[in-house]
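Two individual residues come last.

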Amino acid sequence: MLHILVVDQGGALLDQLTALAGDAALYRFESVTVEEAYASLQQRRGDLLLVDDQAGECTGIALLHRCATELAMVVPLIYCTNSIDKEMIDAAFAAGATDVLRLKGMSADLFGRSLCYALEQVRQRLRTNSMLRTIIDLVPGMIYVKDRDGRFLLANQATAEFYGTSVSQIIGTNQAYWHRDVDEFALFQEQDRKVIDHHEHIEGMIDQLTTPDGVCHILETSKIPLSFFDGNVPAVLGISRDITENRRLQKAQTMVMAALDAAADAVVITALDGTIEYVNLAFERMTGYSAAEAIGQTPRILKSGHQDTAFYREMWKILLAGETFRAVITNRRKDGLLFEAEETITPVYDEHNHMVAFVAVERDVTEKKKAEQALRSSEERFSLAAEGSNDGLWDWDIVNDQVYVSPRVYAMVGRDETSGAIRTAADFFDLLAAADGQSGLLKRINRHLNGLTEYFSHECKISSEDGKKIRWLQARGIARRDEAGHAIRMAGSLTDITVFKQSEKELVEQSLRDPLTGLANRKMFMNHLTSAIHASDVHGDYQAAVLYIGINRMKELRTSMGDTLGDRLISKVARRIRDCTRPSDVFAYVHSGEFAMLLPKVQSQHAAEIMATRIDKAMGRPFRESAQQIKVSTSIGITMIDHSSSRVPEYVLRDAALAQSEARKRSQQYSLFDQRMHDAALQRIQLESELDDAIAGHQFQLYLQPIMDLQHEVIAGFEALIRWMHHDRGMISPAEFIPVAEETGQIIEIGKWVLRQAFQQLCKWHGMGGVRSDLYISINLSPLQLADEATLQLIYQLLEQAPFPPSHLRIEITESAILEDAEYTRSLLGKLHECGSRLYLDDFGTGYSSLSYLHSFPFDVLKVDQSFTFKIDSDPATRKITESIIQLGTHLGMKVVAEGVETEAHRNVLIGMGCHYGQGYLFSKPLPPEQAETFIDTSRLHVAGQGYADKP
Ligand code: C2E
Ligand code: MG
Ligand code: MG
């Protein structure tokens, strides 16, 4: 049964329908107002709605329109009229009528079919609507229809979801309700009205819209006007797509692309089959292929042939297993050049974790490889050099403060490479500087870094951990600088100079030691002396003593013992003296047969005197040498170091030596230095220089002292004795200046002068004839003169030229002179003797030689020293000795002259002893030649006519 709602006026239509329907079982009619019909249909009551053309005050069409609008066309809406006016019928359809029925004259059958048709049509439309609804709900974009005021007439699911609501909720609401921003809505409404009023079409417009949840969306919208929508209401159909995410992705993609193009590394995206889909700018640069050329190709375009198939098989295996492949590949550019690429290929997965592509990142490492190769070669060279060299090598990257040291360095500085790695400048240089215990190294490095030196070099001393072993290292280095001159790198070496240092030390030690005695030498002694003087500078009350110890008669001992035994004796003496010292004393061998001793920190000179006595005592026992007992004595000079003494070490030692020579001269155990000694020494120096002037300025005179024949009381001859007529000091005795001249060698020139003078005198006397032509003159010859070849030649020459017999020029030589070099002297004297000269042994008794020993020398005359003559009348012992000397001399065939005959008593005793000749003040002092000649003439002792030729 069809439930038919009927909207009419006064029930006329209902009656008419009831009559027409016939079979009441088929239909149920219900008369309703429009409102009632709406309510029924809302409750899904009623299958059809029939509207009478006479219904209400308004025309039936208006009513129809209202029904169509408000009842949403869910049931067939049939307009019942008896009119056949076509315009009116069209108007009914336009107003929404499903069908228009003219009930008048209609059969029940036709009525029934018409209703069925209408029902079918509505059903059909509902089905279509539902289908469309489903379609528009399925569409991902928003589809909506709005009227001119912005009310939603239609909205699909996407639209509802966009606004966060349901379709049913949104339909009928105004868009303004869903907008957060009033201005945004106004903009949309303006758009919509443009579309509706002006039939404008909007396509792909981008809008921004903020939903109630505050999220801002970007929409792409197209809009068209709708004039045919329900009830012909002017509306706008909009289709919008939320492209917010798209835009974000698009932006991100743009950025990624820009980043890829900016990247230095080439990026290639390939499909799984290897087809290139994307390349960046770096790829174009690196390979020479443009993106257009590369895309669609495969990476095989870069193939160089340097990788074999096994390589690519392995690559695909790794990639298809989903892993990243990394390798350095040799590729070929479009222009044929090869390049090395460090390649990383990574599979790309989609959201379903399906592998979809590969991304390859390639880096051109040709230069890097070359640099690596160069570095490797240079490193190899460096390490070869480091291995091959005995030196340690180091390299300091100053900019990054990285230090590399070769393994040899670790060995040198005693470090373990693993536990004590050296990596920074501080590690290395502080280690050296700290071990060295000084900052000299760092100072030198800094000076070099600051450009003050061309390189740096420093010697460091490193001791082992237990401090027992010391190693000397020489660190050298040179810096590399940048254009601004700043040091950026420094490299250098470490050389082990321990052996060198040791031998250097030994050399230094050797140079400070005397090889004969093993004692400190003069140099080392002077170093200690300097320290002592310094100590007295610093501490006002500091005192030290210096002893100069000379072995007496060392020259003679040496001569008689020979050099080897002499040296041995000196060593023994050194040991004995050393045994007298304390550990703090410094004992040195400073000169032949002479020692120096420093007693530091003494209270007074008394300590030095005690030491001198101790040394003297130590010499008390004789030394045993080759079964001989040798008696040794010393003379010691003492000087003190204190605040008032000399500051010059050489002067201090000189003062001690002066005191020693004073002690020797005076035959004292020791002598303390005093200023007079120094003054005397100074005078001597003065004398030296004045002697030069004397030689040049003819200040000498040759005096003659007669030698008397005691037995016959006549003049036998003269001894020539030199005199110096000093312009200030008057006459200076040869006893004063001859020793100086002997020391300085000036005696040679002086001696030649004496020789010539004596020769002239003899020539003169010879020319005068008579007594004078028989007289002889003896001259004194010093050892130095005897050893002088020129002097000897002069003597030979004079004797050869002499108009007088050669025996008239006689030569006196002191005993000590012949001891210097006995054999040599013997041969020289032999030669002189052969030339006819007579030889005198002068000052006999002052030396230590035995007469029998002297007998081997060709002496003709023995001169007994005046020290004997002086005591000859007072001292019986001397008298005895003198007598035996005279006797022995005579016995050996020599004549004897007594020197220093001053008194008659002397003369008488001598005559009594059988002495042949006498010389002394008793007869005459030495006289100038003229006076000597007068002496000859006036001598009452002279006996005219007595011959002298056979005299000695
Ligand atoms: P001498 O050769 O032993 O000479 C003897 C010295 O005794 C001389 O001293 C002489 O003046 C001194 N004399 C002589 N009679 C007496 C006396 O009765 N009593 C005292 N007290 N003295 C007496 P003089 O002239 O001073 O010479 C000293 C020494 O100088 C010499 O000792 C001699 O060794 C050396 N001398 C002198 N002239 C020369 C010279 O021309 N050449 C060299 N090489 N030495 C010379
Ligand atoms: Mg003499
Ligand atoms: Mg003499």
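**From chain to metal sites**

Among contacts between residues at least 6 apart in sequence, 57% join residues at least 24 apart. Contact here means heavy atoms within 4.5 Å. This is a predicted model, in which local features need pLDDT of at least 70, side-chain atom pairs count only at pLDDT 80 or more, and totals for chains, interfaces and linings use all residues. Residues are numbered from 1 along each chain as its sequence is written, chains are lettered from A and ligands numbered from 1 in the order in which they are written, and side-chain values use heavy atoms, with hydrogens and water left out.

Start with the overall build. The protein chain holds 35 helices and 36 strands. Both are DSSP runs, numbered from the N terminus: helices are H or I with at least four residues, strands are E with at least two. The radius of gyration is 73 Å, well over the 30 Å that the globule rule gives for 952 residues, so the chain is more spread out than a compact globule. That radius is taken over C-alpha atoms, and the rule is 2.2 Å times the number of residues to the power 0.38. Along its principal axes, the C-alpha trace spans about 230 × 65 × 55 Å.

Next, the surface. Of the 952 residues, 45% are buried. Buried means under 20% relative accessible area, exposed means over 50%, and partly exposed lies in between (1.4 Å probe, protein chains only). The accessible surface comes to about 49,300 Å², and carbon and sulfur atoms account for 53% of that. These areas come from the Shrake-Rupley method with a 1.4 Å probe; for residues, only the protein chains shown count as cover. The chain carries 98 positive and 130 negative side chains, and the centres of the two sets lie 8 Å apart. Lys and Arg count as positive, Asp and Glu as negative; His and the chain ends are not counted. Each charge is placed at NZ of Lys, CZ of Arg, CG of Asp or CD of Glu.

Now the metals. Which residues coordinate the magnesium ion (ligand 2)? They are Glu 719 (OE), Asn 780 (OD1), Glu 812 (OE) and Asp 842 (OD), at 2.0 to 2.3 Å. Donors are N, O and S atoms within 2.8 Å of the metal (3.2 Å for Na, K and Ca); water is not among the atoms, so sites may look incomplete. The donor spacing in sequence is E-x60-N-x31-E-x29-D. Distant parts of the chain are linked here: Glu 719 sits in strand S29 (residues 714-726) and Asn 780 in strand S31 (residues 776-781), 61 residues apart. Glu 719 is buried at 4% relative accessibility, whereas Asn 780 is partly exposed at 29%.

Asp 842 bridges the two magnesium ions (ligand 3 and ligand 2), which lie 3.8 Å apart. Asp 842 is buried, with a relative accessible area of 4%.

Finally, two residues elsewhere. Leu 927 lies in the loop between strand S36 (917-918) and helix H35 (929-938). Leu 927 is buried at 13%. Beyond four places in sequence, Leu 927 touches residues including Leu 702, Tyr 703 and Phe 935. Asp 192 lies in helix H9 (residues 182-198) and is buried at 2% relative accessibility. Its C-alpha is 8.2 Å from that of Lys 146, 46 residues apart in sequence.
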